[in-house]
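Student: I would like a close look at a single part of this model. Please keep it brisk and give the cut-offs as you go.

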Amino acid sequence: MPSISAVLIVKNEASKLRDCLRSLSWADEIIVLDSGSSDETLSIAQEFSAKIFVDADWQGFGVQRERAASFASSDWIFMIDADERVTPELQESILQAVQQTPAIWFVNRLCWCFGRFIKHSGMHPDWVPRLYPRNQAMYDATRVHERLVNSHHLPEKKLAGHLLHYVYDSIRHQQQKAAHYAEEWALQRVKAGKETSLVGAVLHTLACFLRMYVFRLGFLDGKQGFLLALLLSQSTFAKYAELWDRTRNKT
């Protein structure tokens with residue numbers, strides 16, 4: 001059986017990490033790269049005999065994922081976040097996939113938000129590449145919305161089962177994550193020479209709400225669908241406002 005390294009990048013994930021690591025009992029090794037936790041994250045990782053590394057020189061999600069992957073020693077890498085859980089069906093599909101010829105395997109994430117799984121709103125299906133042969137794919141260096149680059153032109157396939165994604169614990173948690181992503185996104189756009197206006201920020205905000213709630217059927221997700229459309233629209237405004245603020249002296 002080919003070996004599998006489960007790889008995580010973490011920071012202050014004590015509230016979620018234990019459940020994530022429990023769902024990885026099938027992995028041959030667990031790699032945890034911490035970027036400076038001040039809670040019990042590292043002691044929890046030790047409970048599961050994870051191989052722990054620390055690198056607080058944060059340069060974005062893409063760089064950090066690639067750093068973490070470099071510590072893996074197995075034939076395959078399965079990239080996962082602390083707020084995700086592998087279901088039994090997905091586990092079985094992974095174990096079967098690694099016995100096949102090299103490929104990039106996509107998982108379908110199912111998001112849990114504010115008391116229910118979200119089946120619409122543009123959040124499901126949510127296919128993301130997470131399983132790949134070590135040294136045959138790599139993450140790009142973008143700060144947010146990082147991409148796994150299929151540099152060896154491997155076949156791309158889909159795994160059965162869901163990767164459960166427990167996105168937000170509370171409104172406050174969502175706001176904190178949104179603020180972090182807004183800053184990272186704006187830094188990335190500034191580096192690329194991009195600018196915006198407050199009018200543009202408002203238009204993107206309205207478009208986000210309509211896309212999620214109307215065109216992607218968020219209304220079928222009940223109250224949670226409406227709340228998510230509002231919150232993520234607000235997050236969209238925060239991203240563009242952050243970019244405007246960082247570049248306003250140029251416009």
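Leaving aside its neighbours within four places in sequence, which residues is Arg 85 in contact with?

Tutor: First, the ground rules. This is a predicted model, in which local features need pLDDT of at least 70 and side-chain atom pairs count only at pLDDT 80 or more, while totals for chains, interfaces and linings use all residues. Residues are numbered from 1 along each chain as its sequence is written, and side-chain values use heavy atoms, with hydrogens and water left out.

Now the contacts. Contact means heavy atoms within 4.5 Å. Beyond its neighbours within four places in sequence, Arg 85 is in contact with Lys 16, Asp 19, Cys 20, Ser 23, His 162, Leu 163, Leu 164 and Tyr 166. Take Tyr 166: 81 residues separate it from Arg 85 along the chain, yet their C-alpha atoms are 8.2 Å apart.

Arg 85 sits in strand S5, residues 84–86. Strands (E, at least two residues) and helices (H or I, at least four) are DSSP runs, numbered from the N terminus. Arg 85 counts as buried because its relative accessibility is 12%. Buried means under 20% relative accessible area, exposed over 50%, and partly exposed in between, with a 1.4 Å probe and protein chains only.

The side chain of Arg 85 also reaches backbone oxygens. That of Lys 16 is at 3.3 Å. That of Ala 82 lies 2.8 Å from a polar atom of the Arg 85 side chain.

Follow Lys 16 next. Lys 16 is buried, because its relative accessibility is 7%. Lys 16 forms a salt bridge with Asp 169, with the closest N and O atoms 3.1 Å apart. The pair links distant parts of the chain, 153 residues apart: Lys 16 is in helix H1 (14–22), and Asp 169 is in the loop between strand S11 (156–168) and helix H5 (171–191). A salt bridge here is a side-chain nitrogen of Lys or Arg within 4 Å of a carboxyl oxygen of Asp or Glu. By this rule the count comes to 17.

Another of these salt bridges joins Asp 83 and Lys 177, with 3.6 Å between the closest N and O atoms. Asp 83 is in the loop between S4 and S5, and Lys 177 is in helix H5, 94 residues apart. Asp 83 is buried, because its relative accessible area is 9%. Lys 177 is partly exposed, because its value is 22%.

Asp 81 pairs with Arg 130 in a salt bridge, at 3.8 Å between the closest N and O atoms. Both belong to a salt-bridge network that also includes Glu 84.

Note on methods
Polar contact = N/O pair within 3.5 Å; in protein donor to acceptor, adjacent residues only side chain to side chain.
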